[in-house]
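Hi,

Here is the structure I said I would pass on. Have a look at it first, and my notes on what turned up follow below.

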Amino acid sequence: MGDAHRIGVVGLGVISRAYLDTLVGHRAVRVTAVADLDASRSAAVAAELPGVRALSVEELLSSPDVDTVLNLTVPAAHAQIALGAIGHGKHVYGEKPLAAELIDARTVLDAAAKAAVGVGCAPDTVLGTGVQTARAAVESGAVGRPLFASAAMVTPGHERWHPHPDFYYTAGGGPLLDMGPYYLSSLVHLLGPVRAVIGASSRLRPERVIGSGPRTGERIPVEVDSHVSGVLEHEGGALTTITTSFDGVATTAAPIEVHGERGTLSVPDPNNFDGEVQLLELGAGEKGWRTLPPSAGYAGAARGVGLLDFVAADGRRAPRASGELALHVLETMTALLRSSAEGRRIELTTSVERPAPVPLTPPQEWR
C-alpha cells in the first residue's frame, strides 16, 4: 500500500471524532480529505485540521490524494461507498457491519478481489489487551479444552443517548448487527469460526423515544428485531449461547465467558479495548477468581488501531480486522435472524482463518 498512506474519511458522525483523534498526526498515515452528505459538517471538520480538504463524497472517492477510504457512513450506505471507492482503485476500511445485507458484503469483497485492493472492517476493539489477553490465556491452556461460551449484551437502546438513533432501528441496525460484531469477532478470536447457528428473536415495541439532542421526545419506528438470542456451533466443537438486546435495563452477566475442562475465563466488554480478564481454575477454593495481567494486544488502543494494522499489513500478511472476518461475522448474524424467521438450524457458507494474535505492543510502538 506504500509508505505515505493517505486516508480520506467519508461520514463525519459521532464515531468519526474518535477515529480522527487516533489518525491525525500519526506517523504512518495522513488524513488528506473528509466528506459528508452535510457539506457544512465536512467544512467545519476540515477547518480544524491543517492540510485536510473538505470534498463532496464523489470527489473524495475519486481523489488522487486518497489511498484508503475510511467509510464511517450509516450501515445502509456501507456497500455503496465501498464499491465506489473500489471502483476508483482504492482500499476500503469501514465501520461495522461490512454491509447491511450479506449479498452486498459478498459483492464488495468480490469487487475488491478483482480490483486487487484491500478491504478491512471494524471492530478493532478486539485487538486491545482485553480480548487478546483472554485469547492468549485460552491458547496457553489456562481453561483446558474449551467446551462452551456465553455472550451477553443488554441495554435499553441507543436512543437514550444518540441524538439521531434512527439507523439503529432500520436495516443493518438492531442489537445484533450493531453490537454483535464486537462479540462475534471476539468469539472467532477465542474459539474459531462458526459452522452453524440456531436463533430466536423478537420485536415487542413498535417505536422508541429519542432521549437527547434537538429531537428529544420524538418517536421513531422500530423496523428490526430488538432482541436476538441464539446458539453458535464453532468449527472446533464448542458451543456459544449469545444474547443481544435493546430491550433490557441491564445485566450482571459477564460480557463473554469461556468455560473449559479446567477453568472458566471472564472476558471484558469487547466494545472496549482493555479491561480485566479473570480466571477461575477448577479446585481454586478460597483463592477464587484471579485477574490476569495484560499479556497480548495493542496497549492503550483506540478507534482506528485496526486501520493502522490494516495499513501496516501492506499485503505482506492478512490484516487482523479483515473484510473476510467481517463477512463471516455478518453471515453468522444474518443466519441467526434467518434461523429465527424460519425456525430451523442454519449452516454457514463462509469460514475464516483466525486472525493472527496481537503480541503485547506498547503505545509508543503503534501510535
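Pro123 sits in the loop that runs between β6 (119–121) and α6 (129–139); helices here are DSSP runs of H or I with at least four residues, strands are runs of E with at least two, and both are numbered from the N terminus. The peptide bond joining Ala122 to Pro123 is cis, with omega at about 10 degrees. There is another cis bond between Lys96 and Pro97, where omega is about -10 degrees. Pro97 belongs to the loop between β5 (91–94) and α5 (102–115).

Before you go further: this is a predicted model, so to speak of local features we need pLDDT of at least 70, side-chain atom pairs count only at pLDDT 80 or more, and totals for chains, interfaces and linings use all residues. Residues are numbered from 1 along each chain as its sequence is written, and side-chain values use heavy atoms, leaving out hydrogens and water.

Ala116 counts as exposed, at 66% relative accessibility (exposed is over 50% relative accessible area, buried under 20%, partly exposed in between, with a 1.4 Å probe and protein chains only).

Now for the inside. The largest nonpolar core has 104 residues, and Val9, Leu70, Val258 and Leu265 have the most contacts inside it. (Such a core is a set of buried Ala, Val, Leu, Ile, Met, Phe, Trp, Tyr and Cys residues joined through side-chain atoms within 4.5 Å.) α7 gives the most to this core, 10 residues. Leaving aside neighbours within four places in sequence, Val9 is in contact (heavy atoms within 4.5 Å) with residues including Leu20, Val31, Leu60, Leu70 and Leu72.

After α1 comes Gly25, with a positive phi near 90 degrees.

Cheers
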